[in-house]
Amino acid sequence: MKRLYGVMVLLVLTGVATTVRATDCRVNGGPWIFVGAGGTLNLQVPVTVQLGADRTRIMLEGARLECRFSGFGGSQPWYTDYWATSARVGPAWVPGPKFTREGTGLRINGTHYNSPVPNGIRMTTMPNNGVGYPVDVTPYILVRNSPTNPIDVRIGDVLGGLNLEQTNNYNAGSAALALTYTAANNFSISPSTCTINNNNPID
């Protein structure tokens with residue numbers, strides 16, 4: 001009986017260990033995918049490449065990223081998870097091959113941050129309630145006085161990668177998110193043919 005009790009306790013503790021410090025994320029309403037402490041959640045999403053409304057940026061739109069706190073069942077309601085940019089997971093935005101010579105950045109909660117995007121920008125707070133919260137971030141490529149070279153994006157091209165870190169207010173555990181953006185459409189843009197000042201387009 002003691003041995004059976006010990007096995008049961010071990011199973012319970014194992015179950016707790018696999019649920020603590022956990023977070024789930026999904027893209028565009030897809031299935032929730034779990035990532036535990038110390039892990040990296042690798043996702044991929046096709047997005048629409050289009051000129052922004054102010055015509056100063058090419059926006060990579062259409063990725064609806066959501067994450068939620070999971071693991072404690074609400075038994076510790078003060079526990080909270082966070083998603084943010086962080087040096088521990090590398091640059092927040094790494095442009096794809098066709099954008100390496102261009103200015104890029106991220107729009108986070110409505111604010112534009114040109115690359116290199118600062119570390120420590122918190123974009124989402126997730127209380128311990130199992131509810132999904134949007135991670136409001138959209139990559140972009142600068143257009144004003146750029147691009148200096150024609151850009152020709154084809155469906156399926158890798159546009160870049162988003163790197164974020166999940167931390168919390170109850171221990172030192174953390175996890176990472178690596179989201180790869182691919183093109184869902186064809187898109188082309190060319191610089192002005194009239195240039196001065198080291199090939200900068202005339203406004």
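Tutor: Start with the outline. The protein has 1 helix and 18 strands. Keep in mind that the model is predicted.

Student: How confident is the predictor, on average and by element?

Tutor: The mean pLDDT of the protein is 84, and 78% of the residues score at least 70. Strand S7 (residues 93-95) has the highest confidence, at 98. Helix H1 (residues 2-19) has the lowest, at a mean of 40.

Student: Which contacts does the model give residues 1-20?

Tutor: There are 5 contacts beyond four places in sequence, and the pLDDT over residues 1-20 stays under 50. Residues 193-199 also have a pLDDT below 50, with 7 contacts beyond near neighbours in sequence.

Student: What makes Cys25 and Cys67 a disulfide?

Tutor: Set the distance against the cut-off. The two sulfur atoms must lie within 2.5 Å. In Cys25 and Cys67 they are 2.0 Å apart, S to S. The pair therefore meets the definition. The search of the whole structure finds 1 disulfide.

Student: Where in the chain are its two ends?

Tutor: Cys25 is in strand S1 (residues 22-27), and Cys67 is in strand S5 (residues 65-70).

Student: How do you know whether Cys25 and Cys67 are buried or exposed?

Tutor: Buried means under 20% relative accessible area. Cys25 has 0%. Cys67 has 0% too. Both therefore count as buried.

Student: What about Asp24, buried or exposed?

Tutor: Asp24 lies in strand S1. Its relative accessible area is 8%, which is under 20%, so Asp24 is buried.

Student: Which residues does Asp24 contact, leaving aside neighbours within four places in sequence?

Tutor: Trp32, Ile33, Phe34, Glu66, Cys67, Arg68 and Ser70.

Student: Why is Leu177 called buried?

Tutor: Its relative accessible area is 1%, under the 20% limit, so Leu177 is buried. Leu177 lies in strand S15 (residues 175-183).

Student: How far apart are Leu177 and Leu41, in sequence and in space?

Tutor: They are 136 residues apart in sequence, and 4.8 Å apart in space, C-alpha to C-alpha. Leu177 touches Leu41, and among its other contacts are Leu43, Leu65 and Trp83.

Student: Which residues touch the most other members of the largest nonpolar core?

Tutor: Leu159 and Tyr181, in a core of 42 residues. Leu159 is also in contact with Tyr181 itself. Other contacts of Leu159 include Val47, Leu60, Trp93 and Phe99.

Student: What makes S8 and S9 a pair?

Tutor: Pairing needs at least two bridges. Strand S8 (residues 104-108) and strand S9 (residues 111-114) have 4 bridges, in the antiparallel sense. The strands therefore count as paired. Thr111 in S9 is the bridge partner of Ile108. S8 and S9 form a hairpin with 2 residues between them, and Asn109 in the turn has a positive phi of about 50°.

Methods
Residues are numbered from 1 along each chain as its sequence is written. This is a predicted model: local features need pLDDT of at least 70, side-chain atom pairs count only at pLDDT 80 or more; totals for chains, interfaces and linings use all residues. Side-chain values use heavy atoms; hydrogens and water are left out. Buried means under 20% relative accessible area, exposed over 50%, partly exposed in between (1.4 Å probe, protein chains only). Contact means heavy atoms within 4.5 Å. A nonpolar core is a set of buried Ala, Val, Leu, Ile, Met, Phe, Trp, Tyr and Cys residues joined through side-chain atoms within 4.5 Å. pLDDT is the predictor's confidence in each residue, from 0 to 100.
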